[in-house]
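Here is a set of questions and answers for someone meeting this structure for the first time. Please look over the sequence and the model before reading on.

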Amino acid sequence: MTHDTDILIIGGGLNGPSLALALAQAGLRVTVLDALPRETRAAPEFDGRAYALALGSSRVLAALGVWEKLADHAQPILQVKASDGRAGEGAAPFFLHFDAAELEEGPMGHMLEDRFLRAALLDAMDAAPEITHRAQARVVAQSTDATGAQVALADGSILRARLLIGCDGRESGTAQRAGIRRSGWDYGQTALVCAIEHALPHDGIAHQFFMPAGPLAILPLPGNRSSIVWSEATATAAAIHALDDAAYLDALRPCFGDFLGEIALAGQRYAYPLKLTIANSFIGPRLALVGDAAHGMHPIAGQGFNFGLRDVAALAEVVTLAARRGEDIASPLVLERYQQWRRFDTMLMAVGTDSVNRLFSNDNTLLRGLRDLGMGAVSAIPALRRSFMREAAGLTGDLPRLMRGQRV
Ligand SMILES: Cc1cc2nc3c(=O)[nH]c(=O)nc-3n(C[C@H](O)[C@H](O)[C@H](O)COP(=O)(O)OP(=O)(O)OC[C@H]3O[C@@H](n4cnc5c(N)ncnc54)[C@H](O)[C@@H]3O)c2cc1C
C-alpha cells in the first residue's frame, strides 16, 4: 500500500503546526490539513488570545526554531499575584505571590499574542520542505487498516499515511470519527478576552483576581498593555459582550480596579465559552490526539496550550525514536508509550484546574476564608512556593527532549 505522506495531521491551529515542525526535524514527511484558509488563520484579528507560555513551552518553540522570531514580541512574566476579589473592593489582604527572582532559570514564562505565534508557526511550516500544508482542506471521513490511515476531504480527494493525528481542537472530529468518546462538562462560564492600554506600567506582573462569578486575569503584554481574560457566568458575559466599548469598560473597571491608572481598549473584544472536555483515550488504531483534541481545560491556570506542547514534545519523541529503530511508527506499542506519558499528567491538571475554578468561583464566606488562608500559607513557605513555580514553568516531571530545549 502506498502512502502520500508518513503522517497526516488534521488541524493547522497551534498544536498541529508545532507537531509538524518537530516531526519534520526528524526527517518525517508530514501533511497538515486545515479547513480554514491560511489568510484567515494568519489575520491579526483571527484570535484575540494571548498565551501565558511556560518556560518549558518557550524551550519547545526555541528547539523548533520559532522562538527567535517571537522573542521580541514576548513579555516576560516576572511576578504572579493571585487574590480573592469582589467588584469595587480591590484585592484581598491574603494573596499568593510568585517572584521569578526565586527561580534560577529566570522568568516562569512569557505572554505572547496569538497573532505573532500563529503567523510564525505558519511561516515556519512554509519553510520546511518535509511539510505540506493544505489550507481549505476539510476532512469529512477517515478510516484505518493494518497498513495505514486514510482521510477523505470535502473536495473529494483522498490521502493516505502511516499515522493520523488529530489536532483539530476541542470538538475533534478525528476523535468522533474514531469512536473516541469524551468526558467533561460545560462550566456555565464564558471568557471575555481583550487587550487594554493603561496609564501606569505593569512591571511584568500577572494578576489573577478570583471574583465570585469567575477569575479575572490581567496579564502583562509588551508596553503599557495587558491581556484580559475575564470569566463570567454565560448570560452575564453575553450581556457584557453586547455592550458598546464605553459601557464594556464601565463594567470592567470595578473588577479591574485602578492600580494601573486609566484604562482603554486596545483592539477587538472576543468571547470564548468554557468547558472541560477530555478524550477518554488519547489514541486509537493508527491514530493519536494532541492538544485540545485530547483535552480542553479551563483557562484559569493558563495551561491549555502549554499542555498541548507537552503532547507535541512527547509524541514527536516517541514516533521519532520508533522510526529510528525501524519500528512501525503507528503500532499500538508506540502509541501506548505516548498515551502513558501524557494521559495521567493531563488528568491531574484538568482535575486541578476544575477544582480551583469550583473552589474560587463563589462568594461563600467560609470557603473565602479558607482559600485566603491557603494562598497565604503557600506564599509564606518558600519550598512550597518554589515547587508551585517550577510546576507552572513546566520544569518538573519526566520531560521530553523538546521541553529541555533539545531537538528530538
Ligand atoms: C480564554 C482562553 C485563554 C487561554 N489562555 C491560555 C494561556 O494563557 N496559556 C495556554 O497555554 N493556553 C491557553 N488557552 C488554551 C489554548 O488557547 C488552546 O489550548 C489552544 O488554542 C489549542 O490549540 P489547538 O491547536 O489544539 O486547537 P485549535 O486552535 O482549536 O485548532 C484546531 C484547528 O483544527 C481545524 N479543524 C477542525 N476540524 C477540521 C476538519 N474537519 N478538517 C480540517 N481542519 C479542521 C480548525 O480549523 C483549527 O484551525 C486559553 C484558552 C482560552 C479559551
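**Salt bridges, the ligand and a strand residue**

At 46% relative accessibility, D123 counts as partly exposed, and the model in which this value was computed is a predicted one.

Q: Which residue forms a salt bridge with D123, and in which helix does that partner lie?
A: The closest N and O atoms of the pair are 3.1 Å apart, and the partner, at 24% relative accessibility, counts as partly exposed.

Q: Is R342 buried or exposed?
A: R342 and D345 both lie in helix α10 (residues 332–360), three residues apart, which is about one turn of the helix, and their side chains meet in a salt bridge of 2.6 Å, N to O. D345 is partly exposed, with a relative accessible area of 22%. For R342 the relative accessible area is 3%, and because buried means under 20%, R342 is buried.

Q: How much of the accessible area of the ligand does the protein cover?
A: The ligand is surrounded by 31 residues, the closest being N15, D34, R49, A52 and D292. An oxygen atom of the ligand is 2.8 Å from an N or O atom in the side chain of N15, while a polar side-chain atom of D34 lies 2.6 Å from an oxygen atom of the ligand. F305 contributes a backbone N or O atom, 2.8 Å from an oxygen atom of the ligand. Of the 1000 Å² of accessible area that the ligand has on its own, the protein covers 89%.

Q: Where does R225 lie, and what is its relative accessible area?
A: R225 lies in strand β15 (residues 225–233), and among the residues it touches, not counting those up to four places away in sequence, are E113, R115, E197 and H202. Because buried means under 20%, R225 counts as buried, with a relative accessible area of 18%.

Technical notes. Residues numbered from 1 in each chain as written. Predicted model: local features only at pLDDT ≥ 70, side-chain atom pairs only at ≥ 80, totals over all residues. Heavy atoms only, no water. Helix = DSSP H or I, 4+ residues; strand = E, 2+ residues; numbered from the N terminus. Buried < 20%, exposed > 50% of the residue type's maximum accessible area, 1.4 Å probe, protein only. Contact = heavy atoms within 4.5 Å. Near = heavy atom within 4 Å. Polar contact = N/O pair within 3.5 Å; in protein donor to acceptor, adjacent residues only side chain to side chain. Areas by Shrake-Rupley, 256 points an atom, 1.4 Å probe, with all protein chains shown as cover. Salt bridge = Lys/Arg side-chain N within 4 Å of Asp/Glu carboxyl O.
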